[in-house]
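Work through the exercises below with the sequence and the model side by side. Each task is followed by a solution in steps.

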Amino acid sequence: MSPAADKSAAGKSAAGKLIDILIPQMASGDATSNHTRLIQELLEEKGFEVRIVVERKTRADRGTISIEKWKCDARISILQHSIGSEVAQWVIRKRSQVVLNYHNITPAGYFRAWQPELAKSVERGRQQLDQLAPLTRRGIADSAFNARELRELGIDDVVVSPVLWQLDGRLDPGQAEISESIAEDGGTVLFVGRLAPNKCQHDLIAAFAVLSRFRPESRLVLVGDASPPQYLLSLKSLARRLDVYGRVVFAGKVSDQDLLRWYQLSDVLACASEHEGFGVPLVEAMAKGLPVVAYDAAAVAETVNGAGIVLRDKRPVTMAAAVDRVLRDQQLRSTLHDRGIQAARRFDISVTRRQMWDALKDLLEPQN
């Protein structure tokens, strides 16, 4: 073999082991970013070289390359899609075939009044989704709810593979004392996720105001960044108007260790969200044995799978009554604890890694 042919063969061999994962940016604590890292670890364990391609590199984007340097030369390219992005636009511009890992796109209407630029970004993501459909070799959806949306776009090859997630760590020794200190209060209601209009924390605050009338020592804890920031201001204003501001904890973004503490300290996870393509915090709560009360929207019932209380009506009185029932009924809490742990096993990392590999392996096997 000539040196030129030898070099060409080596290049083809290297490309055959190369996989690109395209994502707008990698962010600490972001479910899609964590999912991307876990896919990278899985594929590297299988012997592949994995590059993460981002729109804009930040300090958190170690080990990534920018989209401007993307050469479309990998065995497969996996696009993480949930919002309008330049990485998606590069795929469209280059007419490059991709594996579309779809995490759903929140309808723009939730953001127009709060942050017009964010509304435009999700509208762009929806437009790009239509353009990506004919370029999709395979769709990977993290729920059946999302899979239906891909099939409606005309993508025939769609596989359901849940989000890869992993919440590690143990509570430190001082946590037991803190837990005892709140054991006699009126109960702690927890929400985890972005503070955003589609997640409807305003409905949680309204329900909590009702709950606090007969549980005056209770508290509501909202864990997560505000997106958009204006929505956080409205939530604080609402809490003041309903006279519960002093008992609503706006915890903001927290570390994994602090998140574990909040799961341990809380008595029930409540979710009034109107648009969830999957719902990682629901799984985290169930895995920790925390009872779940949630509004039946999008993929919520699919994710909870009968292991929590799922409401068709989220009026404040209805949600408050459901939360109160969990707080006062020890037998119900025990039942939901056990069911939640069992249901969350469907999303254990050992299970979801296998599902993701099954979704990809035939695209990565040597071609004869």
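**Exercise 1.** Decide whether Phe347 is buried or exposed, and state which kind of aromatic pair Phe278 and Phe347 form.

Solution. Step 1: Phe347 has a relative accessibility of 5% and counts as buried; buried means under 20% relative accessible area, exposed over 50%, and partly exposed in between, with a 1.4 Å probe and protein chains only. This is a predicted model, in which local features need pLDDT of at least 70 and side-chain atom pairs count only at pLDDT 80 or more, while totals for chains, interfaces and linings use all residues. Residues are numbered from 1 along each chain as its sequence is written, and side-chain values use heavy atoms, with hydrogens and water left out.

Step 2: Phe278 is also buried, at a relative accessible area of 6%.

Step 3: The ring centres of Phe278 and Phe347 are 5.3 Å apart and the planes stand at 90°, an edge-to-face pair. Rings of Phe, Tyr and Trp (its six-membered ring) pair if their centres lie within 6.5 Å; planes under 30 degrees apart count as stacked, over 60 as edge-to-face and the rest as tilted.

Step 4: Phe278 is in the loop between strand S11 (268–271) and helix H10 (280–287), and Phe347 is in the loop between helix H13 (330–344) and helix H14 (349–364), so the pair ties together parts 69 residues apart in sequence. Helices (H or I, at least four residues) and strands (E, at least two) are DSSP runs, numbered from the N terminus.

**Exercise 2.** Find which residues Arg346 touches, not counting residues up to four places away in sequence.

Solution. Step 1: Arg346 lies in the loop between H13 and H14, and at 30% relative accessibility Arg346 is partly exposed.

Step 2: With that sequence limit, Arg346 touches Glu302, Thr303, Val304, Asn305, Val351, Thr352 and Gln355; contact means heavy atoms within 4.5 Å.

Step 3: Val283 is 63 residues from Arg346 along the chain, and their C-alpha atoms are separated by 9.3 Å.

**Exercise 3.** Describe the surroundings of S11: which residues lie on its two faces, and which strands pair with it?

Solution. Step 1: In a regular strand the side chains alternate between the two faces of the sheet.

Step 2: In S11, Val268 and Ala270 are on one side and Leu269 and Cys271 on the other; all are buried, and both faces are covered.

Step 3: Strand S8 (residues 188–192) pairs with S11 in the parallel sense over two bridges, where two strands pair if DSSP finds at least two bridges between them. Leu190 has Leu269 of S11 as its bridge partner.

Step 4: Strand S12 (residues 292–295) pairs with S11 in the parallel sense over three bridges, and Ala294 in S12 stands opposite Cys271.

Step 5: Together, S11, H10 and S12 make a right-handed β-α-β unit. Right-handed applies if, with the strands pointing away from the viewer, the path from the first strand over the helix to the second runs clockwise.

**Exercise 4.** State where Leu364 is placed, and which residue is 348 residues apart from Leu364 in sequence.

Solution. Step 1: Leu364 is in helix H14 and is buried, with 5% relative accessibility.

Step 2: That residue is Gly16, and the C-alpha to C-alpha distance is 8.2 Å.

Step 3: Leaving aside residues up to four places away in sequence, Leu364 touches Ile19, Leu43, Phe48, Arg75, Ile76 and Trp357.

Step 4: Phe48 also has the charged end of Lys17 over its ring, 4.3 Å from the centre. A charge sits over a ring if NZ of Lys or CZ of Arg is within 6 Å of the ring centre and within 35 degrees of the ring normal.

**Exercise 5.** Locate the cis peptide bond that joins Ser227 to its partner, and give the phi of Cys72 and of Arg95.

Solution. Step 1: Most residues other than glycine have a negative phi, and most peptide bonds are trans.

Step 2: The cis bond joins Ser227 and Pro228, with omega about 10°; Pro228 is in the loop between strand S9 (219–223) and helix H8 (229–241).

Step 3: Cys72 is not a glycine, yet has a positive phi of about 55°. Cys72 is in the loop between strand S3 (64–66) and strand S4 (76–81).

Step 4: Arg95 also has a positive phi, near 55°, and is exposed at 52% relative accessibility.
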